[in-house]
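Dear colleague,

Please find the sequence and structure below, handed over for your records. My findings follow directly after them.

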Amino acid sequence: MTGMNAMELEIGLYDWSALPCRDCESAGHVPADLLRLARARTREEAVPRGIEYHVFQETWPTPTVVPVARVLMAGLADRRVTPEARDQFLNLLWSFVVVDDEGLAEAYKDAVRAGTWSRYEEVLSGRSKGSALMAYWLVKEVETAPVRVEWLLRVARHMLPDDLFEDDEASSTA
């Protein structure tokens, strides 16, 4: 990637060395790992080594999840980000949904909500059923108008994996 992009712009908004890390003195290393992820060309390259067990572990987050979520959302807006990186970004975003801290969970959801339309586009793009599913789950989690989620499922059901949760299927036919 050449020149400044939205992800780099978002990274520049935070003093990462002042943010907490579970495994290091600070989250100062996180921007480099996020940029490395954005350049990943394979699944192996897209492993979030400096994010998992650093920014969050299982369901225990640090406050760093919120700026990381904002950076990931900015990265998903960049068409140059590879499908492997997009999948990992969406997986990380989904991991943050289930954090045990209510305040951080709400701040995180606000960060995702700010880019909700790009998640709709991910579902409707037809690029990847796996990415579409993660994007659908994120939309379902943060969307404030349930009727939009119902319509999304109706029009994009064929773009989602066959094993979509049964409760999603039932809610769209009710």
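Helix α5 passes helix α7 in a left-handed crossing; a crossing is called left-handed if the near helix is turned anticlockwise from the far one by less than a right angle, and right-handed if clockwise. Please note that this is a predicted model, in which local features need pLDDT of at least 70 and side-chain atom pairs count only at pLDDT 80 or more, while totals for chains, interfaces and linings use all residues. Residues are numbered from 1 along each chain as its sequence is written, and side-chain values use heavy atoms, with hydrogens and water left out.

The axes of α5 (residues 102-113) and α7 (residues 129-142) come within 10 Å and cross at roughly 115°. Axes are lines fitted to C-alpha atoms, for helices over the stretch in contact, and angles run from 0 to 180 degrees between N-to-C directions. Helices (H or I, at least four residues) and strands (E, at least two) are DSSP runs, numbered from the N terminus. On the α5 side, Tyr108, Lys109, Val112 and Arg113 meet Leu138, Glu141 and Val142 of α7, where contact means heavy atoms within 4.5 Å.

The largest nonpolar core has 53 residues, and Trp16, Leu34, Ile51, Leu93, Phe96 and Tyr136 have the most contacts inside it. Such a core is a set of buried Ala, Val, Leu, Ile, Met, Phe, Trp, Tyr and Cys residues joined through side-chain atoms within 4.5 Å. Helix α7 gives the largest share of this core, nine residues.

Arg119 is placed in helix α6. This arginine counts as buried because its relative accessibility is 1%; buried means under 20% relative accessible area, exposed over 50%, and partly exposed in between (1.4 Å probe, protein chains only). Leaving aside neighbours within four places in sequence, Arg119 is in contact with Met73, Leu76, Arg86, Leu90, Ala135, Leu138 and Val139.

Val155 lies in helix α8 (residues 146-156) and, at 45% relative accessibility, counts as partly exposed. Between Val155 and Leu124 there are 8.5 Å in space, C-alpha to C-alpha, although the two are 31 residues apart in sequence.

Two backbone angles also deserve mention. Most residues other than glycine have a negative phi. Tyr53, in the loop between α2 and β1 (56-57), has a positive phi near 70°. Glu58, in the loop between β1 and β2 (60-61), has a positive phi near 55°. Glu58 counts as exposed, at 54% relative accessibility.

Yours sincerely
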